[in-house]
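Colleague: Before we use this model, could we go through how its chains and helices pack together?

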Amino acid sequence: MILWLRRNPGLAGILVLFAGLYLIYHMLHPRGFTSAVLIQNANESVAIAFVAMAQTVPVLARGLDLSVGAVMTLTGCIASVLVSGTPLEILGGMALTLIAGAAFGLINGLIVVQGRIPPIMATLASGAIAIGLALLIRPQPGGEVDGDLGWALTNSVWDFCDTYGLAQGGAAWWVRPFADLPVPLILLFGTACLVWLPFKRTLTGRTVYAVGSAEAAALASGLPVRRAQLSAYLLAGFFAGCAGLYLAIQTSTGNADTVQAGAYTLNSIAAVVLGGTALMGGRGGVIASILGAFVLRVISFYFRILDIDPLLQPLIEGLVLLLAVSAGAFAAFNVRNRLELMR
Amino acid sequence: MQAKDQPLLEMRGVSKSYGGVRALSEVNFSCHAGSTHGILGENGAGKSTLIKMIAGVLRPDAGEMFYRGQNVQFASAAEASAAGIVCMFQELSLIPDLSVADNICLLRPPRRFGLIDAKAQRQRAEALLARLHCEDLDPRALVRDLSLSRRQMVEIAKALAQEPQLLILDEATSALTRRDVETVYGLLGELRSQGVASLFISHRMAEVDALCDRLSVFRNGQHVESFAKGAKSEAEIVRLMIGRDVTAKFPPKADPVPRPVVMTVQDLSWEGRLKGLSFGLGKGEILGLGGLDGQGQKELLLALFGVLKAVRGRVEINGISGLPTSPYAAKTATTRLALVPEDRKSEGLMLALPIADNLVAAAMDRVARGGIIDRAALAATIAEGIARLQIKAGSPEDAVATLSGGNQQKVVIAKWLMIGPDIILLNDPTRGIDIGTKQEIYRMMRELADQGKSILFYSSDYAELSGCCDRVIVLYDGQVIRTLEGAAITDEALVSAALNIGQGAAA
Amino acid sequence: MNRVLSTLDRPVWIAFALTLAILCIGTVYTLTTTGTAPLLQPGYLLQQLQIGAFLGLCAMGMMLVILLGEIDLSLPWTLTAAAMVATAIGGPLAIPAALAVGLVVGLLNGFGVSVLRVPSMIFTLGMDTVLRGLMVAQTGGYAPQDQATPIMLWLAKGRVLGLPVALVLWVLLSIGMVFLLNRTVFGRALYAIGSKERAAYLSGIRTRRVVVAAFVLSSLCAAMAGVLLAGYSAKAYQGMGNAFLMPAIAAVVLGGTNILGGQGRYSGTLAGVILIVLLNSVLSIMQMPEAWRQIIYGLVIIGMLLIYRR
């Protein structure tokens, strides 16, 4: 474990930072550590964590996806239309929402890979298209996502079982150890473990890292570079779709909010950088970005319990972000060969 | 009928053009299993294009390729490698951010349940590294943390992992230590006895001579001739390569005279790479930096040019003490310094910019007043630079990337000559350059020295050091371990000094 | 020589061709619906270009940093902060104060990017958040009540010799920009660093100074745009710069400047700005709903870049 962390300094750093911040938060919290607080925190963090995951994959392949926030908004609007009715309709609606996200990501990938347009421009433009589509679907905020589902997915495991009458309403012995865990966290890490970790261990996943690290070498070695780039954007769309779906379920509405979409995209980049993933690609990972997103959120939790003037919040958030990235930059002062700092 | 005589690989009438420029025309070429086949030619002769085609990176415009008697067309490097054709490119094909094991098993990693099996992969990597006597390499280390010579060994292990039938080595040994070169030689012999064919590309004649049993010479995109080793003398081969006679390879040296010292370096140290280095450089002297690759030569040049931070030691340049703090300070000091860096493509040139912009990049102050460029002076300076080094360029407005390697290096040198430097630092300026341009560079170095410029010259080619230098300091582990002067500079002395052995033999 | 020129000029011609096409489509639309052709009246076009000057200034500054291979995401709140400071201070010092804001922001951005070596995308993003925080804390989140000074109003809305002052200012600054890029050591250094920073540094170019200067100029342009926009609306307001970031980047890239740095012409950026401004005005004449505007906007950018790649 220690060896593994030493090999992943970025992940280790963000883990320590998050653990420290979250521990102090709970020590300062007037009610102390309770399951309710944990569930509330988890609910507020899941969407941004999914968006951070989405941003990470293209960044690893030395790309960028400025449409993640917009795709999240679009899929949220789609979910607000589809996710209701009979259980079968609900499941189908959720699947369609995720497919829509992945499909949008695939289109991004095709524009970048086949069209050879710089990712920053391609996804900036496709993000505008996604917002446009979202506005077409939901000119006004609204929609009715299934209420049971909303309750079940945003509370503890016990509530989930209770809602759907599973495992004796949550009383079964094998549920008890997890009964107080928040469902959103399980969904988040479940997705990461079932989608990202296996993907990382495929040839395509390895090629994502290789492309980000040295594209020419990856090509010369005969690695499936195009496939990797396409999958990177596809996964970004899929994870952004997860964020949109969750947001729609959580708020039980869809809202084509342009400002919110932009904020989520920018925060996703911040989370990725905080997680230690190199913007130049090749180094980092999705799990670290999730922790990066958590750190961003914990900072805003502090505002609540410390009773900071809400007018000061944007300023403090900005300063923390600047300080965090600048702190990482102090490594630059220790580099003794100035050439190593340059492209 | 005679299966043994059937070539492993045969190319018939293969041609390739890049935007109207013929890189290969109507080439017929074949090589046989169990043979080590050397490919010789100047830069731009078409060698790289040829091997890229064989390796599936490029597709020919015309002609056919037969592999094991089958007409083949590889759509990608992956297809060629699946057929057993494995290529080690001149520019390393390793992924810096992946581990050694990941790199070695890059294309066909061992899998379990469809996913990459990290443990089996590490074991396979360990086995291959052991075969190359590189047990010191940790398969879990990241390639970016390895030295250039270690990386090249990983590259070789990676090629072996693909179980090649036809192995292509493009300048594969240029960065290796002597010991590793021996290992690779042995390995090639072993592969040959197993029936593997090797195509070997190197600019080092001695290496080709030692390794290959058959040689093919290319010139201007055409296959000139193939013959068995020993069928032609070195002079004949060189003539085939450049299409004319080469008489004197190096310009005559100046008579040894006492030279006033321009620069003295004492106890120079940096980051454990330079460990108390001391020497002096005379006016009008060509001082060579010898030794194995990676003994601090590059760091020394960078330190003198103000690129490195926290360098300790005393340096005095024409009575002024202290190192420059930046390349800008180095080029604008009273005693002007210039550096021709190691990597032409990423450090010497701005490839996408026009030749003109590259030529004046260091001498902008000369053609500008108050930050505003004087167009007439600019044009005159550019024309002068192109003429002075006889750079073969269509228009100064063309991107410098369109030039051949040799002409690109001339642009780098011309850029620095424009500031009228007093001390010129050269970091392996002839690496990967054709013979013709090499000789022009040797001649120019001597002319500059005769004009009173001082030159500090690092080269990985010992023949160059012994042919060009008035004096050579040999570096070992960040220190000067021997100084050779005049007639004492021989290839043998350089080699033994570099290996830090045979004190008596060289004296 | 001709080959190089033509590949670099192609985006300019394509952008102008598309601009003409947009004008034609818009005119056909107005002719069929109302029977008039406002788009072809010089007065209307001049008015559009007057509004275009705000975006033009933003794109000018953005181009300088994009040529370096960097980006300046702090544009929105640099613009807003400068406008708010200008209106708050008022009097003759309003414009110098706004430019001082630009100078400080640019210096900080340049420091973060060239000395601390934080990727510009993330550092300028942080700077944008900090500026927003400062302005929100200062104004309480409401639009300040201060008014733009007369000289700001004149710059944004006045006319000289029948031409809008803002347009004249844009033209004069554009001439300066062309001179800066082509005829000064600084301009050539921008291209060199954007093309290959290591090579530029090893050629003895003082890369840090150039990078800082480029970010300072970029922020000054944004600040000046803020002054004009505050003059145009007679006051400063929250989020006034938000609508300028993406169009400014788009204009630069649609003009053929390489987003990775090192290549691009100012004439292209000019063409990109005019294209975006006219596209916006035709879409408003058509009363296109926001949803379709966004979609068309995205499709135009992707389509144009695909054409350039042919």
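**Contacts, helix packing and core**

Modeller: The contact takes 41 residues from chain A and 41 residues from chain C, in what is a predicted model.

Colleague: Which helix of chain A gives the most to the side that touches chain C?

Modeller: On that side of chain A, helix H6 (119-137), helix H14 (258-274) and helix H16 (313-329) each supply at least two residues. The residues there divide into 33 nonpolar, five polar and three charged. With 13 residues, the helix that gives the most is H6(A).

Colleague: Are H11(C) and H12(C) parallel, antiparallel, perpendicular or oblique to each other?

Modeller: The axes of helix H11 (residues 245-254) and helix H12 (residues 266-285), both of chain C, come within 7 Å and cross at roughly 130°. Angles over 145 degrees would count as roughly antiparallel and 65 to 115 as roughly perpendicular, so H11(C) is, relative to H12(C), oblique.

Colleague: How many nonpolar residues are in the contact of H11(C) with H12(C)?

Modeller: In H11(C), residues C:Pro247, C:Ala250, C:Ala251, C:Val252 and C:Leu254 meet C:Thr269, C:Gly272, C:Val273, C:Leu275 and C:Ile276 in H12(C). Of the residues in this contact, two are polar and none charged, and the number of nonpolar ones is eight.

Colleague: Which residues have the most contacts inside the largest nonpolar core?

Modeller: Leaving aside neighbours within four places in sequence, C:Cys58 is in contact with several residues of chain C, including C:Leu75, C:Cys221, C:Phe244 and C:Ala248. The largest nonpolar core has 370 residues, and those with the most contacts inside it are A:Phe50 and C:Cys58.

Notes:
Residues numbered from 1 in each chain as written. Chains lettered and ligands numbered in written order. Predicted model: local features only at pLDDT ≥ 70, side-chain atom pairs only at ≥ 80, totals over all residues. Contact = placed C-beta atoms within 7 Å. Helix = DSSP H or I, 4+ residues; strand = E, 2+ residues; numbered from the N terminus. Nonpolar A, V, L, I, M, F, W, Y, C, P; charged D, E, K, R; others polar. Axes fitted to C-alpha atoms, helices over the stretch in contact; angles between N-to-C directions. Parallel < 35°, antiparallel > 145°, perpendicular 65-115°, else oblique. Core = buried A, V, L, I, M, F, W, Y, C linked by C-beta atoms within 7 Å. Buried ≥ 20, exposed ≤ 12 C-beta atoms within 10 Å, placed from the backbone.
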